[in-house]
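Biologist: I'd like to go through this one together. Can you tell me what backs up each label as we go?

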Amino acid sequence: MKYGYFDSINKEYVITKPNTPSAWVNYLGSPEYGAIISNNATGYSFAKSGAKGRIIRHRFNTLSNDAPGRYIYIKDNSSGEYWSGSWAPCCKNTEKYKSECRHGTGYTVISSEYNGISTKTEYFVPLEKEYEIWQCTVKNETETEKNISVFGVCEFVNHNSALDDQIDLQCSLFLTRTKFSGNFIHQMHNYYDKNDPKERFFGLADADVSAYCGDRDSFLGEYRSYANPKGVEQGLNGNLNFNMNSCGALQSDIILQPGQAKVFTFVLGQQIEENAKKILDRYKNSSVAKEELNQLKSVWHKRFEGLTVETPDEDFNNMVNVWNAYNCYMTFIWSRAASFVYCGLRNGFGYRDTVQDIQGIIHLTPELARERIEFMLSAQTVKGAGLPLVKFNHKAGFENTPDEASYVEETGHPSYRADDALWLFPTVYKYVCESGNIEFLDKQILFADKNITASVYDHLKKAIEFSVSKLGKNGLPVNILTDWNDSFKLGENGESSFVAFQLIYGAKLMLEFAKQKNDTEYIKYLENLIKDITEKTNIFWDTDRYARGVHEDGRIIGKRSDKEASMWLNPQSWAVISGCADKFKAKKAMDSVERELATEYGAQLMAPCYHGIYGENNGSWYNVCTKENGGIFSQPQGWLILAETMLGNGNRAYKYWKSACPAAYNERAEQRVLEPYVHGQFIEGSESPFAGRAHVHWLTGTASTVMVSSVEGVLGIKPTINGLVIDPCVPNSWNRFKINKVFRNKKLFISVENPNGVQHGVKEIFVNGKKINGNVIEEKMLKSENEVLIKM
Ligand code: GLC
């Protein structure tokens, strides 16, 4: 079933059927003020931290009729009938109630029409502001006068800590009280700090408040819910909260003449009373918020201009031009901190996740990426390892590490992980090549745990040093606690093929940097290392596949003859990406993936899944074909697509791309359940009774891996130190397509012609009408605007 469509002109996803199979959400705001909003206006807000800065409440694992949100209610005072500006919570019969939700870039617009009254509520966080706006335009669409009341309602938290607010009720219920202050409800808190206020407000800036309520339970009434609140049915009663739970509920009574519209600008935030007043004054004139929304849209749309495509596949265009890109920015901004699944308690950046997330935005905004790269390098210890969790208030030079009990206790991470710092290589490499800023390698950056600096280049050397200091019995990198796979245990000294391939790949990228620096001794060292580790990985090769690792007890995991887990996805794709597999092995390995792992929804992480009990023979505690136990883990689909393009298999790469593409499930969205415009963490595999159902929306490394594979793999846009290589690998049905790309501040309008329908291979490249030698478009060949013709 279809619930909506992509509006590529406005860069919006439009939900036309409100009873979506799960809450389909959007993100508003910035790291200073974040907000999550669903197509039915449920969701929560927080200042700075999802864990510690909660403003309005969300009950996790909530039932849809018990979800607090950003609600607008309309009541027709002549009949007493009321409904909500979003379909839920009142859930009027959709035969009569019309609604539409437009999720855009940093804003959401929810419209409704019922009983001759239309509403259109624009939700957004203005740029660089620390509060949110819900601007609702209510219009009388009939020929007769309407006497109505408009309500805006939110449920404040009591405690800024998400966890304490939900469970430490003996304390949290007794911290706050509300007050009415002219045009806003102010939730006071006995904790006062001007710079970090815990006080919250909800106000109406440009209309009169006729009645208010600051006490949640008297707003809802006994044994009721947001679907039928007493406060709307009977009018707000002026009650305020002292102890227990507060809310912000404001009512504005108005007569609307035929065709007349009135704007109601509600503002919500975490501010002391004095500041709340000033903020509300700013929005007295309704056009101020309108202007701010336009600015927000144009800033967001500009962020996508770094790369846009026009291919024969609309899904590809929608994802690459807007939704996958937007998804990448969101993982970049929010890491895994806050969604309807991540409850915000991970109070920091996971090292591997974040370093990979950066890759998804480098081709669009390299300088934004650089700032975060520097931050992540400053979270590398002098040993060369990454801190598994980098706190939001990370203080480079002064951090504890997993070697210290205090870090372990605070973060819950008992040790380093084998792969964390190795992700730096492709990320730094992509940034340097995209920007041309080779001097970046000389930039001095602090280490996490010692107040000393080293150049980026030396930080990278340290990362190699760390891996090389942790080699096992077979001379291959040990798994320590885990590698990329959080639930895969080989014992501390077991050796991981994935990490071995990562090390080889990292060393190869580093070799390019070392050559730039004429670092002759290190070049020799790296060449030997690459040769040595590559040879040693042969112990993993078994007929037509690479194994996943060697357990510290000597067992090889992922042998062809194993009854379970005999075939793993990542070792095959990474053997190709790292260039470790020769032509013969690469072909065999990738054919095995197609034969044994591919499903119509993507390739499973491994097969057959573990059916036994966790702990026995490396089983898994997850259900079969779920998550790391042979689920179709979404992030590795990006590596799979990339590997196939590296082998020139455009048709196969595209087939995998399409299976992993959320938009491709738009017409059968009830099966995928998650939003058709963003990636999720995994999809249930073939043995699940719900094969094809996706989970853990939005915040996933999938955004960046699929983006990288779409751009570098399928489109073949590959920045190198010397210039731009364009080497598409596409389905042979693509006869022509266009790419607009900004490269080192120069605009390239690229047309690709593929008259013979090949999958791969560039015959000729013309830059501004001139045929070039070789396949690298050097920066010096470029003017500020350039026509590029590629003939395949
Ligand atoms: C989750 C984690 C990520 C990990 C992956 C596989 O996506 O966020 O760090 O690599 O699972 O276990």
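Biologist: Where is Pro 608 found?

Modeller: Pro 608 is in the loop between strand 33 (606–607) and strand 34 (632–633); strands are DSSP runs of E with at least two residues, helices are runs of H or I with at least four, and both are numbered from the N terminus. A word on the source: this is a predicted model, where local features need pLDDT of at least 70 and side-chain atom pairs count only at pLDDT 80 or more, while totals for chains, interfaces and linings use all residues. Residues are numbered from 1 along each chain as its sequence is written, and side-chain values use heavy atoms, with hydrogens and water left out.

Biologist: What makes the bond between Ala 607 and Pro 608 worth a mention?

Modeller: That peptide bond is cis, with omega about -20°. Most peptide bonds are trans. The bond from Ala 88 to Pro 89 is cis too, with omega near 10°, and Pro 89 lies in the loop between strand 8 (82–84) and strand 9 (98–103).

Biologist: Why is Lys 290 with Glu 122 called a salt bridge?

Modeller: The term asks for a side-chain nitrogen of Lys or Arg within 4 Å of a carboxyl oxygen of Asp or Glu. Here the closest N and O atoms are 3.9 Å apart, so the pair qualifies. The pair links distant parts of the chain, 168 residues apart: Lys 290 is in helix 6 (residues 286–303) and Glu 122 in strand 11 (residues 117–124). The structure holds 61 salt bridges.

Biologist: And the ligand: which residues surround it?

Modeller: Arg 352, Asp 353, Trp 484, Asn 485, Asp 486, Glu 628, Phe 633 and Gln 681, where being near takes a heavy atom within 4 Å. That shell divides into two nonpolar, two polar and four charged residues.

Biologist: How much of the ligand does the protein cover?

Modeller: The protein covers 94% of the 310 Å² of accessible area that the ligand has on its own, by the Shrake-Rupley method with a 1.4 Å probe.

Definitions and conventions:
Nonpolar A, V, L, I, M, F, W, Y, C, P; charged D, E, K, R; others polar.
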